[in-house]
Every structure is written in C-alpha cells, then in structure tokens.
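Welcome! Have a look at the model below, then work through the exercises that follow.

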Amino acid sequence: MTIYLDHAASTPVDPEVAAQMAAVLADAGLQANPSSAHAMGEAVRARIGQARAAVAALIGARPAEIVWTSGATEANNLAVIGAARMRAARGRHIVTAASEHVSVLAACDELENQGFSVTRLVTDGDGIVEPQAVATALRPDTTLVSLMQVNNETGVVQDIAAVGTLCRSRGILFHVDACQAAGREPIDVRSQAVDLMSLSAHKMHGPKGVGALFISRETAGRVEPLLFGGGQERGLRPGTIATQQVVGMGVAASLAAARRSSDSARLTTLRDQLWQAIGEVPGVYLNGHPQRRACHIVNVSVAGVEGESLLFAMREVALSSGSACAADSDEPSAVLRLLGRSPELAQSALRFSLGRTTTAEEVAQAGQLFAAAVAHLRRVAPAA
Ligand SMILES: *Cc1c(COP(=O)(O)O)cnc(C)c1O
C-alpha cells in the first residue's frame with residue numbers, strides 16, 4: 001500500500017464531502033439549472049447559496065463576494081488578468097514574486113505580451129518576500145500586487161497582512177493565492193486587507209474541478225471577465241454552475257474551518273517528527289524558512305543523490321520532487337533556485353506533504369524508507 005505524502009498536489013476527498021456530493025447527484029429535486037426561474041431552480045440556488053456562505057465564512061468574506069470558478073488556475077487568471085485589464089487606463093504595472101504558482105506567473109507573462117510590465121520579486125534565501133521589497137517595487141502606475149500566502153513547494157508563509165496594508169494605503173489592488181493556506185493558516189480577508197483571493201477545493205479535501213475567487217465588495221466592478229456568455233456570477237464567470245462540485249467545495253470549506261486548529265496542530269507535530277527523522281541523515285537540508293512555514297510541507301534537498309533516483313528508490317511513498325504542475329519538466333525548481341540552492345541541490349529536492357488522513361505510523365515509515373534509500377543510492381549511484 002502506497003503511503004500518500006503528496007497533499008500539496010491534491011488531497012483525498014473527505015468522506016463527508018463525497019457523501020453530500022453523491023446525495024446532490026441522486027436527488028431528483030436538485031437537477032434543475034440553477035439559473036432557472038422556477039421552484040426547482042430556486043431549490044438548487046438555495047443549495048448553492050449554502051455552499052457560497054461556507055466558502056465565504058472560511059476566509060471572513062460575505063457570500064456575495066464569492067465567484068465560483070473551475071479551480072484556482074482559473075481564479076488566479078481571472079484575478080490577475082481581469083483586474084489588470086480593467087485598470088489599464090490607470091496604469092500597466094503589476095508586482096508579483098518569482099516563487100508564485102505557474103498559473104499566476106503565466107497570466108503575468110500573457111499580460112506582458114499585451115504591453116503590461118511585470119516586476120517579479122525574488123525571495124530571500126529562506127523563501128520570504130519582504131513587505132519592504134514590495135514597497136520598493138511599487139510605481140505610480142502599479143495597479144495590482146499578487147502574492148501567495150503559503151508556497152506550494154516549500155510551505156513558506158508570507159506576511160499577507162503587511163503587504164495588504166501597504167497596498168491599501170496606496171490604492172493598489174491586492175490578490176492572494178491562498179490554495180495551500182486554506183484550512184491550515186488563519187485567513188481573514190478584512191484584517192489582511194485582501195481585495196482578491198483564490199481558493200481550490202481539491203487542496204482542502206474537496207473535489208477537483210472547482211474553485212472560487214473572492215472579490216471584495218469594494219473591488220466588484222474592477223475585474224473584467226475572461227469568459228463571455230450568460231450573466232451567471234454577476235457576469236464575471238458565465239456558464240451553468242456545477243451544483244455537485246460547489247456543494248462539495250462548500251462542505252470541504254465548512255470542515256476546513258471547523259477543523260483548522262486541530263488539523264494544523266496535529267500536522268505540525270507530524271511534520272516535526274518527519275523532519276526529525278529525515279534531518280538526521282547527513283547532507284539533508286531543509287528548504288525554506290525554518291519557522292515561518294505551514295503545517296503540512298517538508299521540502300528537503302539531499303546532497304550526493306539524484307532527485308529522480310531517490311523518488312524511484314522510495315516508490316512506496318507518493319512524493320513530488322518540485323511542484324506537481326512542473327513534474328514533466330527536468331528543470332530544477334525555480335522556487336528552490338531562488339533560495340540559493342545549487343542546481344544539483346535544487347534538482348535533488350523532495351517534497352513531503354501531509355494531510356488529514358496522514359498517520360504517525362506513515363510518517364515514521366516514510367522516514368525509515370528515506371534514510372534507507374539515501375544510504376543505498378550513495379553507495380551504488382553517488383551523484384557527481
Ligand atoms: C494547486 C494550486 C493551484 C491550482 O489550483 P487548481 O484548482 O488545481 O487549478 C494554484 N495555486 C496554488 C498555490 C496551488 O497549490
């Protein structure tokens with residue numbers, strides 16, 4: 001049986017989420033189009049409204065500020081491209097970090113192709129983007145700053161509230177990719193001064209194929225749609241809402257909110273046990289800030305072994321070498337290169353990521369398998 005330690009790539013659907021999604025699919029009273037005026041449409045709208053309220057509650061937002069999307073890739077594209085285009089008359093400069101998720105970076109590349117200019121801040125050696133570095137990068141024509149709360153490769157946590165306060169004081173929109181933070185770190189869009197926030201259901205024990213973009217009431221009307229069609233989601237995201245998907249995301253959000261403190265306390269203990277076991281192996285380095293990190297990720301570089309060989313030698317454990325989104329490229333992770341790791345060490349990175357179903361036994365076993373695999377590879381196939 002494979003030990004699943006790849007929760008930063010995707011989390012297993014919580015049984016309660018699966019049960020409620022199945023119930024929606026099987027309920028003859030919930031099959032109408034949620035846009036329909038009749039009573040059956042109204043019943044579906046009511047169910048979607050509950051889910052919207054649950055997602056809003058998770059981040060301290062109002063239900064009317066939540067727009068459903070197909071996932072966080074779409075939410076990030078809608079936030080970055082939609083806000084930049086809408087404000088193009090005011091300015092065409094965007095600030096982000098080079099360690100952002102590819103769906104933010106690629107959206108910025110696309111804006112650059114359209115004549116916008118983008119500043120991609122580099123992190124310090126611990127993976128932190130200092131709020132002061134953001135302040136220095138701002139220009140009179142800056143309209144948007146996009147920064148993730150928790151990095152998906154290293155688990156490093158950024159100071160969102162400090163950057164939010166800075167942006168607010170300058171009248172600049174602030175977008176946060178909170179996929180890895182939801183259900184793990186505290187989130188409150190009001191006290192963090194966030195205007196736009198992306199979430200993905202499958203990173204918090206919900207289904208794949210659904211996400212949400214929070215657009216604050218004050219920001220409504222300052223984001224252009226990417227898709228055109230019916231008037232759903234106030235015209236920002238046309239298309240029939242996938243009832244069972246958003247219900248699943250709603251249940252996942254309720255569970256994430258209710259379980260956040262206990263889940264993160266438990267995972268912090270397991271994360272520390274895992275690091276204790278693997279950090280004992282000589283030549284193993286923790287990637288990212290030693291304290292400012294989320295509860296579920298341990299990313300290490302291993303001297304003297306090759307990353308792909310290590311993944312293969314540990315194939316009883318489902319792990320990633322960088323992020324899942326870049327798994328088919330053999331480029332060393334850009335996020336790790338920013339930490340000042342040599343190409344060799346960046347290439348030998350291994351990301352362990354824990355979740356609600358992870359047990360202490362699994363963590364102990366993974367630690368032993370790691371130590372054995374590293375010792376074996378250094379003996380038979382030492383890397384240059
Ligand atoms: C997974 C992830 C995404 C993309 O989410 P999808 O719903 O799979 O499109 C974006 N940002 C971060 C930080 C992620 O971890």
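**Exercise 1. Find the volume of the second largest pocket and say what lines it.**

Start with the volume: the second largest pocket of this predicted model holds about 180 Å³. Then sort the lining by class: 11 residues are polar, five are nonpolar and two are charged. Finally, look for the element that gives the most to this lining; helix 3 does, with three residues.

**Exercise 2. Work out which pocket the ligand takes up, and which residues surround the ligand.**

Last, trace where the shell comes from. Helix 3, residues 72–86, supplies its largest share, three residues.

**Exercise 3. Find polar side-chain atoms that lie by the ligand's nitrogen and oxygen atoms, and state how much of the ligand the protein buries.**

Begin with nitrogen: Asp177 has a polar side-chain atom 2.6 Å from a nitrogen atom of the ligand. Now go to oxygen. For Ser200, a polar side-chain atom lies 2.7 Å from an oxygen atom of the ligand. Lys203 also places a polar side-chain atom 2.7 Å from an oxygen atom of the ligand. To finish, consider the ligand's surface: taken alone, the ligand exposes 380 Å², and the protein buries 88% of that.

**Exercise 4. Count the cavities of 30 Å³ or more and describe the largest one.**

Here is the idea behind the search: rolling a probe the size of a water molecule over the atoms shows where empty space is left. Step one is the count, which comes to two cavities of 30 Å³ or more. Step two is the volume of the largest cavity, about 110 Å³. Step three is its lining: 14 residues, with Gly183, Arg184, His205, Asp263 and Leu267 closest to the centre. Step four is the class of these residues; six are nonpolar, four are polar and four are charged.

How values were computed:
Residues are numbered from 1 along each chain as its sequence is written. This is a predicted model: local features need pLDDT of at least 70, side-chain atom pairs count only at pLDDT 80 or more; totals for chains, interfaces and linings use all residues. Side-chain values use heavy atoms; hydrogens and water are left out. A residue is near a molecule or strand if one of its heavy atoms lies within 4 Å of it. A polar contact is a pair of N or O atoms within 3.5 Å; within protein, one must be able to donate a hydrogen and the other to accept it, and residues adjacent in sequence count only if both atoms are side-chain atoms. Accessible areas come from the Shrake-Rupley method with a 1.4 Å probe; for residues, only the protein chains shown count as cover. On a 1 Å grid over the protein atoms alone, a cavity is a set of points where a 1.4 Å probe fits but cannot get out, and a pocket is an open set with protein on both sides within 12 Å along at least five of seven lines; lining residues have an atom within 4 Å of a point. A molecule sits in a cavity or pocket if more than half of its atoms lie within 2 Å of its grid points. Helices (H or I, at least four residues) and strands (E, at least two) are DSSP runs, numbered from the N terminus. Grid points are joined across faces, edges and corners, and a volume is the space filled by probe spheres set on the points. Ala, Val, Leu, Ile, Met, Phe, Trp, Tyr, Cys and Pro count as nonpolar, Asp, Glu, Lys and Arg as charged, and the others, Gly among them, as polar.
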